[in-house]
Amino acid sequence: MQLDEQMVASALDGLAEDMSTRLGQEQAFGDQGMLKQLEDLRKKLATAAPDLIGAYYGYLQVKERYDQLLVRVAWTKQRFWRLFLLQAGALVILLVLALGYEWGQWRHVWLSVPLAAEEVMAWIWWGSVGATLSALHALYEHRLRGTLSDSLDAWLAAKPLSGGVLGLLSGLALQVTAYGATGDWHTQGVLSYLFAFIAGFSERRFLTYLQKRVSQLTQGTDQKSG
C-alpha cells in the first residue's frame, strides 16, 4: 500500500476524534495516553520531511490498543450489570425475608421466638444487609476505576454470608463488652443492630476492632491471674 501524507493524517485525525467521543463517556478508562501519542504522531507529519512510515506504524499500534480497550469496556459493562443484579437480588431476598418474618409475627403465623433468638437473627440480618450494600458500593468503585476482574467473583458471592457471620460476631462482642462493663447481658436494640450493620459493611475495620478487643480482654485476664 502506497502511503501519502493526507491519508495518514486523515487516519490519525479520525482515530483521535473517535477516541475522544467514545472514551469521553467512559470515566473508568480514559484515553490511557493514546491521544497524546496520536498528537505526537500528527506532529511528525508537520515537518519538512514527514515520516509517513513511522507515523502510520504508530497509528496501527495505537489503533490496536484502542480496539483492545473497547473490547474491555464492553466486557466490563456486561460483567458489572450481571454482578450488580446478583447483589441487588440478594438484597431484595433479605428484605423479603424480613418483611415475611414481621408479617408472620404480626399475623401470629410463626411460633413465638425467644427474644435472644430474635436478637441473634437480627444481628445476622443486619450484617448481611451491610455486607450486600458494601458489595454494591465496591462494584461501583471498581467500575469507575476500571479494575473489575474475575477475582472479585468469589468475594462478591461470599459477601452476604460473611456479613451475616460478622453481624453475629459483632452482636456477641457487644454483649461481652456490656457484660464486662455492667455485669449484665443487656445490650439490645438499635445499637446492636447498627454495630452489626457496620461490621458487615466494613469487615476490615470490624476485624481490626475485634482483634483489639480480644487483645485487651486477654491482657486484662493475664493481669488478674498475675
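Me: Why is Gln-37 called partly exposed?
Reply: Its relative accessible area is 33%. Buried means under 20%, exposed means over 50%, and partly exposed is what lies in between (1.4 Å probe, protein chains only). At 33%, Gln-37 falls in between, so it counts as partly exposed.

Me: What kind of model do these values come from?
Reply: The model is predicted, with local features needing pLDDT of at least 70 and side-chain atom pairs counting only at pLDDT 80 or more, while totals for chains, interfaces and linings use all residues. Residues are numbered from 1 along each chain as its sequence is written, and side-chain values use heavy atoms, with hydrogens and water left out.

Me: Where is Gln-37, and what does it touch?
Reply: Gln-37 is in helix H2. Leaving aside residues up to four places away in sequence, Gln-37 touches Val-62 and Arg-65; contact means heavy atoms within 4.5 Å. Its C-alpha is 9.7 Å from that of Ala-16, which is 21 residues away in sequence.

Me: How do you know which side of H2 the buried residues are on?
Reply: The buried residues in question are Met-34, Leu-38 and Leu-41, in helix H2 (residues 34-44). They cover an arc of only 60 degrees around the axis, so they are on the same side of H2. The arc is taken from the directions from the helix axis to the C-beta atoms. An α-helix has 3.6 residues a turn, so residues three or four places apart point the same way.

Me: What makes Ser-20 partly exposed?
Reply: Ser-20 has a relative accessibility of 41%, so it counts as partly exposed. Its place is in helix H1 (residues 5-23). Ser-20 and Leu-35 are 15 residues apart in sequence, and their C-alpha atoms are 7.9 Å apart in space.

Me: What does the chain consist of as a whole?
Reply: The protein chain comes to 7 helices and 0 strands, and from the N terminus on its elements run α-α-α-α-α-α-α. Helices (H or I, at least four residues) and strands (E, at least two) are DSSP runs, numbered from the N terminus. Of its 226 residues, 32% count as buried. Among contacts with a separation of 6 or more, 75% are between residues 24 or more positions apart.

Me: How many aromatic pairs are there, and why is the pair of Trp-125 and Trp-126 called edge-to-face?
Reply: The whole structure has 9 aromatic pairs. For Trp-125 and Trp-126, the ring centres are 5.0 Å apart and the planes are at 85 degrees, so the pair is edge-to-face. Rings of Phe, Tyr and Trp (its six-membered ring) pair if their centres lie within 6.5 Å; planes under 30 degrees apart are stacked, over 60 edge-to-face, and the rest tilted.

Me: Why is the pair of Trp-126 and Tyr-193 called stacked?
Reply: The planes of Trp-126 and Tyr-193 are at 15 degrees and the ring centres are 6.5 Å apart, so the pair is stacked. This pair links distant parts of the chain, with Trp-126 in helix H4 and Tyr-193 in helix H6 (residues 190-201), 67 residues apart. Trp-126 has a relative accessibility of 31% and counts as partly exposed; Tyr-193, at 21%, also counts as partly exposed.

Me: What else does Trp-126 touch, and which residues form the ring cluster?
Reply: Not counting residues up to four places away in sequence, Trp-126 touches Tyr-193, Ala-196 and Phe-197. Ring pairs link Trp-125, Trp-126, Tyr-193, Phe-197 and Phe-201 into a cluster.

Me: Which residues line the largest pocket, and of what class are they?
Reply: The lining has 17 residues, with Tyr-101, Glu-102, Met-121, Ala-122 and Trp-125 nearest the centre. By class, 12 are nonpolar, 2 polar and 3 charged. Helix H3 (52-106) and helix H4 (115-145) each supply at least two lining residues, and H4 has the largest share, with 9.

Me: What makes up the lining of the second largest pocket?
Reply: This pocket has 13 lining residues, and Ser-134, His-137, Ala-138, Trp-155 and Phe-201 lie nearest its centre. The lining divides into 3 nonpolar, 4 polar and 6 charged residues. H4 gives the most, with 6 residues.

How values were computed: 1 Å grid on protein atoms, 1.4 Å probe; cavity = no way out; pocket = protein on both sides within 12 Å on 5 of 7 lines; lining within 4 Å. Nonpolar A, V, L, I, M, F, W, Y, C, P; charged D, E, K, R; others polar.
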